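Thanks for asking me to look this one over. Here are my notes, in the order I would go through them with the model open.

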Amino acid sequence: MVYVVQQLLNALPLASLYACLAFGYSLAFGVTRRPDITFGAFVAFAGQICLLFTDYGWNHLYLVLPAAVGLGLFAGAGYTLVAGFWNARTVMLPLHKRSPNAVIAASLGVLLLLSEGARIALDTRSLWLPPMGEQFVPLFVIEGSQIGLTRLQILHVGLMLSLVAGGHCLLSVSRAGRLWQAVCQDPLAARLVGIDADRVFVAALVVASAFAAFGGLSATAVYGTMDFGAGLMFGLKVVLIAAVGGYSRPLHSALGAAAVGFAEQLWSAYGAMIWRDVVIISALVWLLVISRRERIIP
């Protein structure tokens with residue numbers, strides 16, 4: 001019993017990360033209606049830029065560790081948001097207006113640009129953050145054994161869940177949420193009633209890149225490092241999760257992603273690690289096939 005409960009607690013950081021990323025990806029897909037693999041690239045890009053600037057602040061500016069990490073987090077968020085705005089404004093918007101399917105090919109080009117740019121900046125190195133927030137916080141006592149999480153894990157879960165809850169509230173009650181829903185349902189009709197669909201399109205992609213940035217930065221702090229392989233794997237799982245949960249309902253996608261995070265942790269606890277990603281992705285594809293509905297995407 002102690003082992004099971006501890007594994008469920010261990011799943012919270014991963015489940016909350018998946019929920020945050022799935023929510024952000026649904027915001028972008030709602031306006032593009034096309035798969036966009038750059039989302040996973042933004043997750044990895046944010047983490048790698050954070051590692052690069054943290055290393056620079058520590059080894060060249062001789063900052064104390066909190067200041068160096070703060071510099072890395074600020075730089076990672078800033079670079080990713082700038083890259084997200086550039087991608088939305090100069091790449092995705094013109095292509096989507098001319099030929100929506102071109103977004104899929106363009107996303108591959110942006111992914112290669114971000115991955116190679118980060119690789120060259122890092123000089124093909126793998127950087128690691130020092131252990132932080134490793135103090136164990138007991139949450140329950142079962143059969144005389146303490147179970148819980150570290151301080152950093154608790155902070156990570158709180159941040160991810162706050163982003164999802166805040167995003168859902170904004171979509172539900174704010175004018176921005178109504179504008180997003182209008183453009184998602186019918187961009188032409190939205191234009192006819194005076195909505196600037198292009199601005200909503202760009203804003204949705206920028207907000208999605210912000211979710212990717214915060215998710216990537218928090219994951220980097222928790223796990224200590226980030227590479228493009230991990231970021232793209234996060235992105236692939238989020239695409240499949242959001243497809244099963246429904247792109248038009250970001251909260252449903254987030255809940256489905258959280259369930260996948262719990263399933264992945266339980267497989268890690270009881271199954272062979274080498275088959276974990278294969279099993280999870282195969283299960284998502286199977287769910288996508290059996291839940292497939294015929295519909296015309298304009």
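1. Ground rules. This is a predicted model, where local features need pLDDT of at least 70 and side-chain atom pairs count only at pLDDT 80 or more, while totals for chains, interfaces and linings use all residues. Residues are numbered from 1 along each chain as its sequence is written, and side-chain values use heavy atoms, with hydrogens and water left out.

2. Helix 2 on its own. Helices here are DSSP runs of H or I with at least four residues, strands are runs of E with at least two, and both are numbered from the N terminus. Helix 2 holds 22 residues and spans 31 Å from first to last C-alpha, close to the 32 Å expected at 1.5 Å a residue; that expectation is 1.5 Å times one less than the number of residues. Of its 22 residues, 18 are buried, leaving the helix mostly covered. Buried means under 20% relative accessible area, exposed means over 50%, and partly exposed lies in between, with a 1.4 Å probe and protein chains only.

3. Helix 2 against helix 3. The axes of helix 2 (residues 38-59) and helix 3 (residues 65-98) come within 7 Å and cross at roughly 145°. Axes are lines fitted to C-alpha atoms over the stretch in contact, and angles run from 0 to 180 degrees between N-to-C directions. The crossing is right-handed, meaning that the near helix is turned clockwise from the far one by less than a right angle. The residues of this contact comprise 16 nonpolar, 8 polar and no charged; Gly counts as polar in this scheme.

4. Ala41. Ala41 counts as buried because its relative accessibility is 0%. Its C-alpha is 8.5 Å from that of Val110, 69 residues away along the chain.

5. The nonpolar cores. A core is a set of buried Ala, Val, Leu, Ile, Met, Phe, Trp, Tyr and Cys residues joined through side-chain atoms within 4.5 Å. The largest has 67 residues, of which Val31, Phe39, Leu114 and Phe234 touch the most other members. Helix 1 (residues 2-32) gives the largest share, 14 residues. Apart from this core lies another of 7 residues, including Leu51 and Met132.

6. Thr220. This residue sits in helix 8 (residues 197-223) and is buried, because its relative accessibility is 0%.

7. Lys237. Is Lys237 buried or exposed? At 2% relative accessibility, Lys237 is buried, and its place is in helix 9 (residues 228-245). Not counting residues up to four places away in sequence, Lys237 touches Tyr18, Glu264, Asp277, Ile281 and Leu284.

8. Two positive phi values. Most residues other than glycine have a negative phi. Thr124 has a positive phi of about 55° and lies in the loop between helix 4 (102-122) and strand 1 (136-142). Glu143 also has a positive phi of about 55°, in the loop between strand 1 and strand 2 (145-150). Thr124 is exposed at 57% relative accessibility, and Glu143 is exposed at 65%.

Terms used:
Contact = heavy atoms within 4.5 Å.
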